[in-house]
Amino acid sequence: MEFSVLIPTFNRRRILSLTLDALENQQGGGPGFEVIVVDDGSSDGTAEMLRERARSFRVPLLALSQPNRKQGAARNLGAREARGRHLVFLGDDTVPQPDFLAQHRLARDDDDHRRVVIGYTPWAREYPRTRFMEYIGEYGWQFGFKLIEDPDRVPFNFFYTSNLSISLRFFREAGGFDESFTEYGWEDMELGLRLERRGMRLVYNPQAVAYHHHPTAMSSFIRRQYTVGRTAWTFYRKHPDLESFLNVEKVPQYSLLQRLKMELLTRLCCATEHWRRPDLSRFYPHLMTYHYNRGILAGRHE
């Protein structure tokens, strides 16, 4: 078996069902694949839906479950049961195109088990795209596809587990995901760093497309940025040589006036993200940095 498609999920039964539909209808021939879904403590009927789907699914479908322990632990659990030579990590809200697995297959190199492939994860066409969604999806805060300079030599910080294939052997050699990351962010990038130090060659195939069905408002993404900043300290303690990358030691202490200005700008940008005018997107980088730094300062205090 060539691929084990591994999907961690938590309370996304409807979108997960669309993702499974798309996997059931993959095209392109080649060796077979299996699908492994790890239910990370859902309470929305996901387990019942998976049992029903498994009865008639066109390819092997294995449903696993665990208490809510987050994505890293869920992916590790699935990888322990995988039978494919390669793992394909996919988000429960990323719906692949019919040639998704075929494109990952084309980008792989059977003679180099350290070759890792990321695909392209754009926003689903069904949802209107705001300026803010376009910004975070292409320029580095959620994904940074337009920042990739050489698709054959991609840095570790593009190790996006929403759409990625890796040899099972290489994944196990690195020890899998670090399960001490118990909040959103960093567990995938931290694994990418360890893999890079083991000789990973990360490549980008924009033809391996999985559409992201998770429209994101600026207000919710700001909360994410704060959490990512706060948990950056966990990453930093494990890899202190990344201080300049994480920027956790040189965060400025914002004055009351600076905080008031940034909070006002945040509210203005949130209120106008769906408007054509005024276009305040030039402030997005400053706002994302500010809220990331807020999280860092909170993490430092903790």
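**Figure 1. R75 sits over the faces of F89 and F177.** R75 lies over the face of F89 at 5.9 Å from the ring centre. R75 also lies over the face of F177, here at 5.7 Å from the ring centre. A charge is taken to sit over a ring if NZ of Lys or CZ of Arg is within 6 Å of the ring centre and within 35 degrees of the ring normal. The model is predicted: local features need pLDDT of at least 70, side-chain atom pairs count only at pLDDT 80 or more, and totals for chains, interfaces and linings use all residues. Residues are numbered from 1 along each chain as its sequence is written, and side-chain values use heavy atoms, with hydrogens and water left out.

**Figure 2. Aromatic pair F158 and Y160, and the ring cluster that includes them.** The structure holds 18 aromatic pairs. The ring centres of F158 and Y160 are 5.8 Å apart and the planes are at 65°, so this pair is edge-to-face. Rings of Phe, Tyr and Trp (its six-membered ring) pair if their centres lie within 6.5 Å; planes under 30 degrees apart count as stacked, over 60 as edge-to-face and the rest as tilted. F158 and Y160 are both buried, where buried means under 20% relative accessible area, exposed over 50% and partly exposed in between (1.4 Å probe, protein chains only). Ring pairs join F158 and Y160 with Y120, F143, F145 and Y204 in a cluster.

**Figure 3. Aromatic pair W233 and Y236 in helix α8.** W233 and Y236 form an edge-to-face pair, with 5.5 Å from centre to centre and 80° between the planes. The two residues are three residues apart in helix α8 (residues 218-238), so about one helical turn separates W233 from Y236. Helices (H or I, at least four residues) are DSSP runs, numbered from the N terminus. W233 is buried at a relative accessible area of 11%, and Y236 is buried at 14%.

**Figure 4. Salt bridge between R53 and D21.** The closest N and O atoms of R53 and D21 are 2.8 Å apart. This pair links distant parts of the chain: R53 is in helix α2 (residues 46-56) and D21 in helix α1 (residues 13-24), 32 residues apart. R53 is buried, with a relative accessible area of 15%, whereas D21 is partly exposed at 32%. A salt bridge is a side-chain nitrogen of Lys or Arg within 4 Å of a carboxyl oxygen of Asp or Glu. The whole structure contains 17 salt bridges. Elsewhere, R12, D92 and D93 are linked in a network of salt bridges.

Figure 5. E52 and R55 form a salt bridge whose closest N and O atoms are 2.4 Å apart. E52 is partly exposed at 48% relative accessible area, while R55 is exposed at 64%. The side chains of E48 and R51 also meet in a salt bridge, at 3.9 Å from N to O. E48 is partly exposed, at 46% relative accessible area.

Figure 6. A polar atom of the T266 side chain is 2.8 Å from the backbone oxygen of M262. Leaving aside residues up to four places away in sequence, T266 touches I222, L287 and H291; contact means heavy atoms within 4.5 Å.

Technical notes
A polar contact is a pair of N or O atoms within 3.5 Å; within protein, one must be able to donate a hydrogen and the other to accept it, and residues adjacent in sequence count only if both atoms are side-chain atoms.
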